[in-house]
Amino acid sequence: MPRHALQQRKLTQAVIGLFRARRYGEAEAFLRQAIAQFPDAPVHHYNLAAALARQNKPAEALDSLSTAIDFGFTSQAALQRDPDLASIRGLPGFQDVLAKAAQKLKAQPTAQSMRPKVKPRLVTKAKALVDAGNTTWVPANQSLAATFAFDKIHRPHRAHGGDGDVAWQLNRWSRMGEGAGNFGDLYDNRDGSHSHLSRKLFPQLAHIEYSADAKAAGIHYGVNSQILYNAITFGNSSTALSGGPIWRSQARLILTTPELMAHAYQQYTNNHLYMFPEHRDHDPERGDLFPANTPYMIVSQGSSGSDRPFMRAVAVILAALKPEVKNFLRAKRLIAPTVQMIFRAGQKTVLSDQDYLSATTHPSVFDAANIDLEKMMNLAHELEREEVPPPTKIVVKEETKARPGINYFGPSSADEILFNTPSAVARVVKSTVYERRMVISAATTKDPSGRPLTFTWRLLRGGKDRITIKPLAEDGSLVELRIPWQSEQMGHQGREVPGRSDLISHRVEIAAFANNGVHYGSPAFVSLYYPAKQTRKYDLKGRIQEIDYAPVALKDVYADPLLFPRRGWRDRYRYTDDGQLIGWDRTVKKITRQFTRHGVRVLETDASGRPVKAERIAYGIKQGKRQVKHIIEVPFGRPVIYDYISDGDQLGIPKNAP
């Protein structure tokens, strides 16, 4: 089922790409092939209806919508708001489709009743086996779920098998019933025991093991993107994608893959937490290559084995919690956010609330040298149930959007959205807009015990002299961010990472913290990632003058090919004397082509060099050698004809507006 679901998502992503490029006829042909292969997949019938509607084929579109509903499509929001269906929404037959969808939705069984019954597997000898007998597919989560049961008769007496003050205290609390210990917790090693947590060190901890069938399905290794467990789970994968043009750590793979980020948040809210080494993504050679920050995982400085101290820290935190507090966190699904809060506050460098709010406390990669196990243990044990803070949640209410073909040259303005999740938002800066404005709300954050909240926002990375955070609500739950282009402040070498003078970064980062009067909770992050491999020039009014997407001087600089497809051109912009954009000249391999302010490519000019005929251009993605993506120009539609009202008119008026 995970493979099937992934295949369907890939097909849908291909369709989205065709829609963004306005290639609706190709989308129709592609979808008919997909339907021939998967005739009962409602999403393909729905998307076919959208492609047909875009081509003014109303009867066929309505038929496809009806078929989509027959196979289970019931989203009223999509039917009523999807702009791709605008041409058929006013037809009488569309109301019949809406009524049919509403009736289908009413008759659907609940997700709980549809879930196949599986018997939880009893954990014995600290082994939790995943196989077909205790695993099922959960459509609502698009994930497998494995269930386990724990019998206290199998609980070891010792919480910690080592020596020293931490072991003594954890064992004392466990013996007296004052510490929860690790019984009922799961450890998920996902690198074939390459870097694993010692069974002897935490004897109460159950280690997940995978059956032969589970391994054959590939759910046991690397990033966990396919399965959730019904118990508190933490784990690691000391692995990386070490070869090819898209090499990266598992953590960067998650951050650059929206589906994996969505699953990481799902884990965060289901008492799961995973750790990964940064392996080559956070080193002096290339700097901090992570495009965003997130509270959903812990990334360790170093390569294989560097994650072990962090696994031990998480195990200690979980064991030190009071039983009633741990039960509360488990029930409220707040284990992962609370562990993150305690882990971060328990670092050696954090001595006050102001330290907790600082950039060095919330890096993209953590140094094991800052771990203070005893401090983390005591912070966990001191936490009271009614004092548990909430994880901060944020949502983008407003933001500056790119205009494809005008100030951004790619398939869609959505290309700048790396991900939107409730505790981490990330953008990849691609448009030529000088200043970006965002309005961010944290008002959906709720304290688990109903305490009133206040919110604090901090600029963790970026130019403090120019980036502004303006509160729009008295409690700080709503802010306006204004972030100008960062190159002048960063330089092409980037900006120094806080606390690491040997590392540079091209990221702006802002964190939000909810406070319930006792504790600050785990943060939420707004990240903006800037291109390292291009040069820009703006005038004093913030108007773009020139942008070189492939400067020779930066040819050896690394730019993530998944985030920055190659563009082999340079644009120089032209303005009227009063500052209105005329257009730009694009140079590709010593050939220069003229574009108007509407983003159309000039075909003919008059005697004064003004455009009189131009062609519309869309931008697509072409796969090059070694999977490297390139942005290409794709002409489409009718030519655009320009008229001029006088000899001095530099702008012109298009007869058929682009």
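Over the face of which residue does Arg252 lie? Arg252 is placed over Trp247, at 5.0 Å from the ring centre. Trp247 also has the charged end of Arg280 over its ring, 4.3 Å from the centre. A charge sits over a ring here if NZ of Lys or CZ of Arg is within 6 Å of the ring centre and within 35 degrees of the ring normal.

The model is predicted, so local features need pLDDT of at least 70 and side-chain atom pairs pLDDT 80 or more, while totals for chains, interfaces and linings use all residues. Residues are numbered from 1 along each chain as its sequence is written, and side-chain values use heavy atoms, with hydrogens and water left out.

Aromatic pairs number 24, a pair being rings of Phe, Tyr and Trp (its six-membered ring) with centres within 6.5 Å; planes under 30 degrees apart count as stacked, over 60 as edge-to-face and the rest as tilted. Tyr549 and Trp569 form an edge-to-face pair, because their ring centres are 5.8 Å apart and their planes stand at 75°. Both residues lie in the loop between β28 (544-548) and β29 (570-575), so the pair ties together parts that are 20 residues apart in sequence. Tyr549 and Trp569 are both buried, that is, under 20% relative accessible area, where exposed means over 50% and partly exposed in between (1.4 Å probe, protein chains only).

Side chains of opposite charge can pair when their charged atoms come close. The model has 37 salt bridges, each a side-chain nitrogen of Lys or Arg within 4 Å of a carboxyl oxygen of Asp or Glu. In one of them, the closest N and O atoms of Asp288 and Arg461 are 2.8 Å apart. This pair links distant parts of the chain, 173 residues apart, with Asp288 in strand β14 (residues 287-288) and Arg461 in strand β20 (residues 454-461); strands are DSSP runs (E, at least two residues), numbered from the N terminus. Asp288 is buried at 2% relative accessibility, and Arg461 is buried at 7%.

Glu633 and Arg586 also meet in a salt bridge (2.8 Å, N to O). Glu633 in strand β34 and Arg586 in strand β30 (residues 581-588) are 47 residues apart. Glu633 is partly exposed, at 23% relative accessible area, whereas Arg586 is buried at 1%.

A network of salt bridges links Glu398, Glu435, Arg437, Glu480 and Arg482. Within it, the closest N and O atoms of Arg482 and Glu480 are 3.5 Å apart.

How values were computed. Helix = DSSP H or I, 4+ residues; strand = E, 2+ residues; numbered from the N terminus.
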